[in-house]
Amino acid sequence: MAQEESQELGWTDHRMEILIGKLLRAGVLLSAVVVLLGGTVYLLRHGHTRVDYRVFHGEPADLRSVSGIVRDTLALRGEGIIQLGLLLLIATPVARVAFSIFGFAEEHDRMYVVITIIVLLVLIYSLMGSPGL
Amino acid sequence: MSILEFSLIVAAGSLVAGFLGALTGLGGGVVIVPMLSLLLGVDIRYAIGASLVSVIATSSGAAAAYVREGISNIRIGMFLEVATTLGAIAGATLATHISTGAVSIVFGLVLIGSAFLSWKPRVKNASDASPDALATRLRLNGSFPESGGIRKYHVRRVPLGWSLMFGAGTLSGLLGIGSGAMKVLAMDQAMRIPFKVSTTTSNFMIGVTAAASAGIYLSRGYIDPGLSMPVMLGVLAGSLLGTRVLVKVHPKWLRRVFSIVIVVLGSEMLYKGISGKI
């Protein structure tokens, strides 16, 4: 009986993993396409400018915040579009964690629902809680 | 150098780094920062931001290939992600407070350490370990398909593993690397989780860990789109190629050569950090 139960649990776990794998791949592909698009615009417009990464200036305010990135994207600025792609990329593992909450809830695993919510809260804190965003 | 030339060079270098990182299992992130900062003269803060982004891409991109095998343990992963994400925030916060020279020194030491780990023969786990009360309560014990059927395993020393994971997260957030080697060490050696389960679960955790510090890096202005674009696309393409060529086999000689490269880069980072040239 106990073995049957654990096997069934293992199966749902595996199904959940496969779904998560697909989610992650879709997120990465989407962000790569957006980054590539933005990169093309950026290189077409600025490709011949001289490179300057030796001295650290920090990014301008519009490339540091979600609202600024969205504004730059709507203005079709290459750098803004790349940054949007990077935001999507950062959001991909966060979406994975959020999705896992439902997975564990479906398995009636309350302890892991709570653990997963803790991870999600830590992620949200780092994305939203840091100054400037 | 024009931005176009620079982007092409960075993309090509990142492609090779991602490919070798996937083939050797050492990850591409560890060589991205030295490549950018030592060879191309990029400020180490920009280099770390770009590397962090590429780490998320490789981890998430490879996950789909790994989960099909049904080896990784999502409960172990999730439980330990509490430690790695908290560590990542600590590391990213630390990175904004210490000098770039100090970051470079830590980076050098971590590179040399991870190369050393890859040379050291792995101590085989005793598979007959008895169940641990805490691990059982947390439902961490599991099983995975092996050639001879289903193999069960019991997880040990949960607090030690959790603490090591916090450390791995801190290094990841501080240096912009996946710190997969340390994650595997914590699971395989400290918690006695079978090696295959450790490596696949570690890959699963790397993306979440890196996402926790990436938010902080982005809002601090460390993530430059012009630099991150060729790094992310290059490493992603390279690592997908690498995993496609070989999912499980890590050729020994390639691993050795790559680890020597890592030691050279690590020594250089250490030297630059100590002499204050970075």
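Modeller: Axes here are lines fitted to C-alpha atoms, for helices over the stretch in contact, with angles running from 0 to 180 degrees between N-to-C directions. This is a predicted model, in which local features need pLDDT of at least 70 and side-chain atom pairs 80 or more, while totals for chains, interfaces and linings use all residues, and side-chain values use heavy atoms without hydrogens or water. Residues are numbered from 1 along each chain, and chains are lettered from A in the order in which they are written.

Colleague: At what angle do helix α7 and helix α9 of chain B pack?

Modeller: The two helices (DSSP runs of H or I, at least four residues) span residues 158-175 for α7 and residues 195-219 for α9 in chain B. Their axes lie 9 Å apart, and the packing angle is about 50°.

Colleague: Which residues of α9(B) meet α7(B)?

Modeller: From the side of α7(B), the residues in contact (heavy atoms within 4.5 Å) are B:Met165, B:Gly169, B:Ser172, B:Gly173 and B:Leu174. Facing them in α9(B) are B:Met205, B:Thr209, B:Ser213 and B:Tyr217.

Colleague: What covers the buried residues of α8(B)?

Modeller: Helix α8 of chain B runs over residues 180-190, and its buried residues (under 20% relative accessible area, 1.4 Å probe, protein chains only) are B:Lys183, B:Val184, B:Ala186, B:Met187, B:Asp188, B:Gln189 and B:Ala190. Just after this helix, B:Arg192 takes a positive phi of about 60°. The cover over the buried residues of α8(B) includes, from chain B, α4 (74-95), α7 and α9.

Colleague: Which residues of chain B does A:Leu123 contact, leaving aside its neighbours within four places in sequence?

Modeller: A:Leu123 sits in helix α4 of chain A, which covers residues 110-129, and it counts as buried because its relative accessibility is 1%. Its C-alpha atom is separated by 9.5 Å from that of A:Pro93, 30 residues apart along the chain. Beyond its sequence neighbours, A:Leu123 is in contact with A:Val94 and A:Val97 and, across in chain B, with B:Thr85, B:Val208, B:Ala211 and B:Ala212.

Colleague: Which residues does B:Asp43 contact, leaving aside its neighbours within four places in sequence?

Modeller: B:Asp43 is found in the loop between α2 (29-39) and α3 (44-67) of chain B. With a relative accessible area of 11%, B:Asp43 is buried. Apart from those neighbours in sequence, B:Asp43 is in contact with A:Tyr53, A:Arg54 and A:Phe56.

Terms used. Buried < 20%, exposed > 50% of the residue type's maximum accessible area, 1.4 Å probe, protein only.
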